[in-house]
Amino acid sequence: MTISERVVERRQDYDGTSPFPEAAEHAPAGRLQVALTGAIVVLPFIALGAAVFWWGVTFTDLLLAAILYVVTGLGVTVGFHRLLTHSSFTARPWLRAVLAVTGSMGFQGNVIDWVAVHRRHHAFTDRPGDPHSPYRYGTGLRGQLRGLAHAHLGWLFADDPTPAERYAPDLLADRAMSRVARAFPALCALSLALPFLAGWAITGTLLGGLTAFLWAGLIRIALLQHVTWSVNSVCHVIGARPFKTRRHDRSTNLWPLALLSFGESWHNGHHSEPSCARHGLDRYQLDPSAAVIGLFERLGWAGNVHWPDQKRIHRRRAGPLRQTHAPAGE
Ligand SMILES: [Zn+2]
Ligand SMILES: [Zn+2]
């Protein structure tokens, strides 16, 4: 029996608490991927230290950082996630391309790979095959802590490719998306160059360009990445599980991250109704991405929006609010 046959066999009798079979066969990624990912993870913290201790921060830096955070963040949540991964609405071709471009500027991988990995996460949530589950090393305390680190960041350093041919054939066949995916390195460079040029133009000094590069470039990218990664890690461990999900799926709703994640931290609602355009399924659950999709719909730029169906939501409700570590699944 080959390794992959053994993995498939053990996937089927996964008990919800043991380490995943592939955890033992964990292989690190190639040196180039490790070096590049390491640089992307570590450099912003060096930048943060330098920015805080030597130059401080100006209103211009913070304004540019906020604008770019919102534009690239919505590119990821509305574009990469709700439109391209889950087809929770349709968009005019130009809007689809704009969202794919701004999402790419979030430094989270090219659009086709991002979608493929995320669809695989939904196909195998919190069981063997999930590319970033905090339950990979089991549910004991040590395994859980190690799993959280893996789900947050460690998985980026692992050699665990997700074939786009299998998970995102629709995007591979889409010429505009293939073009945006090929432009990913250039779009990353643009994501760093824009704040530098804007800071330089607004202040008229090179130092102004440099501090804008640090705050609205590196630090803004790092903040968005850690918020996105927290949805993968913390939002499968801590928080409420008001809605039923598939067996083993332990996704949670975590309100403190709702604003910074543009509504993505209503993650239990999302895993319960993955194609729904709104993740905050309950009243008063702040979901800025859903508000933006609603705006696109009113402007006539988006259509076929899958808004929550109250009868379905009612059926998905799991009863009294449950915290995690209650038995997962239906
Ligand atoms: Zn998830
Ligand atoms: Zn999703």
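Reader: Helices here are DSSP runs of H or I, at least four residues, strands are runs of E, at least two, and both are numbered from the N terminus. Where is phenylalanine 107 found?

Author: Phenylalanine 107 is in the loop between α5 and α6. This is a predicted model, where local features need pLDDT of at least 70, side-chain atom pairs count only at pLDDT 80 or more, and totals for chains, interfaces and linings use all residues. Residues are numbered from 1 along each chain as its sequence is written, and chains are lettered from A and ligands numbered from 1 in the order written.

Reader: Thanks! What about the phi of Phe107?

Author: Phe107 has a positive phi of about 60 degrees, although it is not a glycine. Most residues other than glycine have a negative phi.

Reader: And is Phe107 buried or exposed?

Author: Buried, with 20 other C-beta atoms within 10 Å. The cut-offs are 20 or more such atoms within 10 Å for buried, 12 or fewer for exposed, and partly exposed in between, with C-beta atoms placed from the backbone.

Reader: What does phenylalanine 262 look like?

Author: Phi of Phe262 is also positive, near 55 degrees. Phe262 sits in the loop between α12 (206-232) and α13 (267-272), and it is buried, with 27 other C-beta atoms within 10 Å.

Reader: Switching to the core: which residues touch the most other members of the largest one?

Author: Val111, Ile112 and Val115, in a nonpolar core of 33 residues. Helices that each supply at least two residues of this core include α4 (59-85), α6 (111-123) and α11 (184-203). A core is a set of buried Ala, Val, Leu, Ile, Met, Phe, Trp, Tyr and Cys residues joined through C-beta atoms within 7 Å.

Reader: Which residues does isoleucine 112 touch?

Author: Leaving aside residues up to four places away in sequence, Ile112 touches Ala164, Ala168, Leu171, Leu172, Met177 and Ala181. Contact means C-beta atoms, placed from the backbone, within 7 Å.

Reader: Nice. Which residues of α4 meet α14?

Author: Leu74, Thr77, Val78 and Arg82 in α4 meet Ser289, Val292 and Ile293 in α14.

Reader: Last one, what does UniProt list for residues 54-284?

Author: An unreviewed entry lists "domain: Fatty acid desaturase" there. UniProt positions follow the numbering used here, feature names are shortened, and annotations may be inferred rather than shown by experiment. Over residues 54-284 the chain is 58% helix and 1% strand, with the end C-alpha atoms 42 Å apart. The unreviewed entry also places "transmembrane region" at several spans, including residues 62-84, and that span is 100% helix, with end C-alpha atoms 30 Å apart.

Definitions and conventions: Contact = placed C-beta atoms within 7 Å.
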